[in-house]
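Here is a short report for a reader who is new to this structure. Look over the sequence and the model before reading on.

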Amino acid sequence: MHGDQVSARVGCGTFVVAIRGRVGKHVLADLMRSLELALMWKARAGDRKAFCRARSAAVCYPEDGDDLVALLERTIALLDRDKPEGFGSNRRRRG
């Protein structure tokens, strides 16, 4: 990625991208989809192919939180809300 943003790996298979400034909804949607496609990878288990799906969520400062912790909590809530059936663990996060 190029431009005025910062990206970091924050956990096993978890990445955060922070964009400085306002981005239009369509531009943001295109960016998120591009990142999801770039992170998607194919695995082979025996004779079967499986795709690892990437998920994304967008939050805005200060609308969704006024500090990093609040923004990350909002992101986690959005990802949990939109989690597909059978995607990941259903255990509760401790905060």
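## Terms and basis

Buried means under 20% relative accessible area, exposed means over 50%, and partly exposed lies in between (1.4 Å probe, protein chains only). Arg33 shows how the rule works: with a relative accessible area of 44%, Arg33 is partly exposed.

This is a predicted model, in which local features need pLDDT of at least 70, side-chain atom pairs count only at pLDDT 80 or more, and totals for chains, interfaces and linings use all residues. Residues are numbered from 1 along each chain as its sequence is written, and side-chain values use heavy atoms, with hydrogens and water left out.

## Overall layout

The protein chain has two helices and four strands. Their order along the sequence is β-β-α-β-β-α. Both kinds of element are DSSP runs, numbered from the N terminus: helices are H or I with at least four residues, strands are E with at least two.

Of the 95 residues in the protein chain, 6% are buried. The chain exposes about 8300 Å², and carbon and sulfur atoms supply 53% of that area. Accessible areas come from the Shrake-Rupley method with a 1.4 Å probe; for residues, only the protein chains shown count as cover. A contact means heavy atoms within 4.5 Å. Among contacts with a separation of 6 or more, 25% join residues 24 or more positions apart.

## Salt bridges

Side chains of opposite charge can pair when their charged atoms come close. A salt bridge here is a side-chain nitrogen of Lys or Arg within 4 Å of a carboxyl oxygen of Asp or Glu. The count comes to three.

Arg22 and Glu63 form one of them, at 2.8 Å from N to O. This pair links distant parts of the chain, 41 residues apart: Arg22 is in the loop between β2 (14–19) and α1 (25–39), and Glu63 is in the loop between β4 (48–52) and α2. Arg22 and Glu63 are both exposed. Asp64 pairs with Arg74, and their closest N and O atoms are 3.4 Å apart. Asp64 lies in the loop between β4 and α2 and Arg74 in helix α2, so this bridge ties together parts that are ten residues apart in sequence. Asp64 is partly exposed at 25%, and Arg74 is partly exposed at 34%.

## Glu36 and its partners

Glu36 is found in helix α1. Glu36 forms a salt bridge with Arg33, with the closest N and O atoms 3.3 Å apart. The two are three residues apart in helix α1, so about one helical turn separates them.

Why does Glu36 count as buried? Its relative accessible area is 16%, and that is under the 20% limit. Leaving aside neighbours within four places in sequence, Glu36 is in contact with Ala54, Arg55 and Ser56. The side chains of Glu36 and Ser56 also make a polar contact at 2.4 Å. Such a contact is a pair of N or O atoms within 3.5 Å; within protein, one must be able to donate a hydrogen and the other to accept it, and residues adjacent in sequence count only if both atoms are side-chain atoms.

## Thr75

Thr75 sits in helix α2 (residues 68–81). Thr75 is buried, at 17% relative accessibility. Beyond its neighbours within four places in sequence, Thr75 is in contact with Ala57 and Val59.
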